Amino acid sequence: NSHDPFARPWDRDPVREAAHALPIAGQEPPRPRGQRNLVAWALGCSALLAVLVVGGGIWAWNHIQATNTATAEVVELFRELPGDVDRGVNLVSWRERVDAQRRRYEDGDFSGKTSTHGRAEVEIGRAYRLLDDPRQALRLLESAEGRLVGNPSSWRLYSEALYERGLAHAAVGELEDAETSLRHAWKVRRDEFGAPPLLAIEAQVALGNVLAHRGSFDESLRVLRGAVEEVEKLDVLTALDGQDEIAEAHSRLAHALLSQWLGDRDTGPRLSQAEDHFERAIALRRQLGVAEGRKLASDLQDLGVVRQHRGALDAAAQLYVEALALERRCHAVDHLELAATLELLGVLHADRGHGAHARPLLVEAEAMLTRLGDPQKRATALQHILARLDREDRDFAASEAKLRAAIDAQRAAFPNGSDEEIQYLNELADLL
């Protein structure tokens with residue numbers, strides 16, 4: 001054994017050693033034992049690493065697929081939500097399903113790619129906003145925005161997070177934050193090369209609406225007119241596909257025009273322009289069918305206000321009646337929009353001397369506003385109108401009771417006094 005240090009010289013066989021040293025055809029020469037061990041160890045490590053890489057890749061692929069599947073299920077599940085919310089149906093069931101998806105998300109079913117995770121947060125956040133839970137929506141949307149910011153490939157999801165966050169801020173009255181988010185969403189959608197034009201128009205319309213609510217009427221009109229001009233540039237196929245966005249552009253512009261006219265009552269063309277844009281929005285929403293129930297009712301109500309101010313009282317009453325029928329189908333429970341339409345129709349009947357038609361509407365509106373906490377302080381005004389109807393019916397005791405209740409409510413709301421309180425006191429004095 002030539003490698004045995006203890007081998008005796010007379011045990012060596014030179015002929016055998018020479019034979020072992022000769023290479024066999026097609027084989028490498030024999031290596032020393034230490035070298036053979038090193039090669040075997042390297043081969044084993046390579047095999048183990050290959051197993052780990054392949055196994056890890058399979059696990060990661062399955063996890064990503066499961067995440068994508070979970071997110072796709074959320075998108076598909078919520079596809080019918082906007083239509084049902086607009087019609088006011090299945091809302092309790094929808095809330096349960098959205099809560100279940102949120103718990104699933106929090107348990108880690110969507111913890112794959114950052115963009116996939118962000119998409120789940122955007123979809124669930126949008127669902128909460130539609131279901132009138134904007135605070136829950138904001139929590140998810142702010143997280144989604146943080147995940148998606150700075151990722152060029154996720155610009156669309158990022159803009160959706162900004163857009164939905166702006167709408168959620170507006171829903172809780174945080175109009176400055178809403179404006180900031182919507183301006184950013186509009187910029188991202190407008191500046192992204194190849195972005196569908198309807199996306200930018202959608203954000204532009206929402207921004208114009210928030211500006212109007214903040215009292216920035218001139219800027220609001222400029223933004224909304226720009227949106228309508230962009231709508232007019234759309235090709236036929238895009239316009240057909242985007243009827244909802246186009247109707248919303250006309251509706252928001254009309255609403256801003258009406259709000260500005262109500263603010264300064266100018267003699268300009270704003271009221272007739274508002275009427276024209278409301279009519280165009282209503283025509284588009286009628287083509288979309290029942291999925292536009294609440295939005296159509298809102299436009300009908302606002303067009304009724306325009307017609308009433310223009311002296312077309314019969315036309316206004318018809319629009320209020322149609323809006324009221326839609327809202328009763330859309331709102332199974334008390335709702336401010338429903339109360340507003342009841343009030344508008346009731347006041348119109350009262351002003352026309354139709355007390356018998358006005359009273360049940362105003363009583364229902366006043367009771368509904370009281371149950372809702374009367375956030376707009378309208379219940380007191382309705383009590384005052386009902387007191388007037390009582391006087392017309394010569395029910396002076398009932399009129400006095402309502403006036404006193406209206407005065408107490410006004411004093412509680414405005415401890416330093418108000419013009420309405422003085423008016424109610426004067427009427428009470430005349431009655432007594």
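Glu219 is partly exposed, with a relative accessible area of 23%. In these terms, buried means under 20% relative accessible area, exposed over 50%, and partly exposed in between (1.4 Å probe, protein chains only).

Do keep in mind that the model is predicted: local features need pLDDT of at least 70, side-chain atom pairs count only at pLDDT 80 or more, and totals for chains, interfaces and linings use all residues. Residues are numbered from 1 along each chain as its sequence is written, and side-chain values use heavy atoms, leaving out hydrogens and water.

Now for the chain as a whole. It has 20 helices and 0 strands, taken as DSSP runs numbered from the N terminus (helices H or I, at least four residues; strands E, at least two). Of its 432 residues, 42% count as buried. The accessible surface comes to about 23300 Å², with 54% of it belonging to carbon and sulfur atoms; the areas come from the Shrake-Rupley method with a 1.4 Å probe, and for residues only the protein chains shown count as cover. Among contacts (heavy atoms within 4.5 Å) between residues at least 6 apart in sequence, 59% join residues at least 24 apart.

Helix α13 covers residues 270-288, and its end C-alpha atoms are 27 Å apart, in agreement with the 27 Å that its 19 residues should span at 1.5 Å a residue. That expected span is 1.5 Å times one less than the number of residues. Residues buried in α13 include Leu271, Glu275, Phe278 and Arg285. Just after the helix, Gly289 takes a positive phi of about 85°.

Next come the salt bridges, each a side-chain nitrogen of Lys or Arg within 4 Å of a carboxyl oxygen of Asp or Glu. By this rule there are 29. In one of them, the closest N and O atoms of Glu121 and Arg147 are 3.0 Å apart. Glu275 belongs to α13, while Arg310 sits in the loop between α14 (293-309) and α15 (313-330), 35 residues apart. Salt bridges that share partners also join Asp244, Glu248, Arg252, Arg285, Lys295 and Asp299 into one network.

| Residue | Relative accessible area | State |
|---|---|---|
| Glu121 | 0% | buried |
| Arg147 | 32% | partly exposed |
| Arg183 | 31% | partly exposed |
| Glu275 | 12% | buried |
| Arg310 | 49% | partly exposed |
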